[in-house]
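Please keep the sequence and the model in view while reading.

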Amino acid sequence: MSPIPGPKVPANNPDRFLFCEEAIEEAFENVATLAEAAGWDGDEVATALVSLADHHVMKRACNAATDALIQSTRRD
């Protein structure tokens with residue numbers, strides 16, 4: 001597997017999300033292929049990947065909320 005390339009455009013570029021998808025597609029496909037080769041059904045793999053992505057988004061949101069709460073209670 002090739003290394004995942006970093007962003008080549010600024011954060012405000014309207015195509016940055018698409019470039020990110022393109023950058024991680026090979027790794028994503030490799031995970032799916034490895035899971036199917038291990039015996040998991042393609043639909044199970046796809047559903048698990050979607051669920052993991054959803055959990056990742058929720059984890060990031062919870063961590064951001066916790067960080068904000070901690071920051072708001074600090075007395076600097």
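Does Met1 count as buried or exposed? In this predicted model, Met1 counts as exposed because its relative accessibility is 67%, and the cut-off for that class is over 50%.

**Met1 and its surroundings**
- Met1 belongs to the segment that comes before helix 1, a helix that covers residues 16-37.
- When neighbours within four places in sequence are left aside, the contacts of Met1 are with Glu26, Ala27 and Asn30.
- Between the C-alpha atoms of Met1 and Ala35, which are 34 residues apart along the chain, the separation is 15 Å.

**Fold and dimensions**
- The protein chain contains two helices and zero strands.
- Its radius of gyration is 17 Å, whereas a compact globule of 76 residues would have a value near 11 Å.
- The C-alpha trace of the protein chain spans about 55 × 30 × 20 Å along its principal axes.

**Surface and burial**
- Of the 76 residues in the protein chain, 7% count as buried.
- The protein chain has an accessible surface of about 6,600 Å², and carbon and sulfur atoms account for 60% of that area.

**Charge**
- The side chains of the protein chain include 6 that are positive and 13 that are negative, and the centres of these two sets lie 19 Å apart.

Methods:
Residues are numbered from 1 along each chain as its sequence is written. This is a predicted model: local features need pLDDT of at least 70, side-chain atom pairs count only at pLDDT 80 or more; totals for chains, interfaces and linings use all residues. Side-chain values use heavy atoms; hydrogens and water are left out. Helices (H or I, at least four residues) and strands (E, at least two) are DSSP runs, numbered from the N terminus. The radius of gyration is taken over C-alpha atoms; the globule rule is 2.2 Å times the number of residues to the power 0.38. Buried means under 20% relative accessible area, exposed over 50%, partly exposed in between (1.4 Å probe, protein chains only). Accessible areas come from the Shrake-Rupley method with a 1.4 Å probe; for residues, only the protein chains shown count as cover. Lys and Arg count as positive and Asp and Glu as negative; His and the chain ends are not counted. The place of a charge is taken as NZ of Lys, CZ of Arg, CG of Asp or CD of Glu. Contact means heavy atoms within 4.5 Å.
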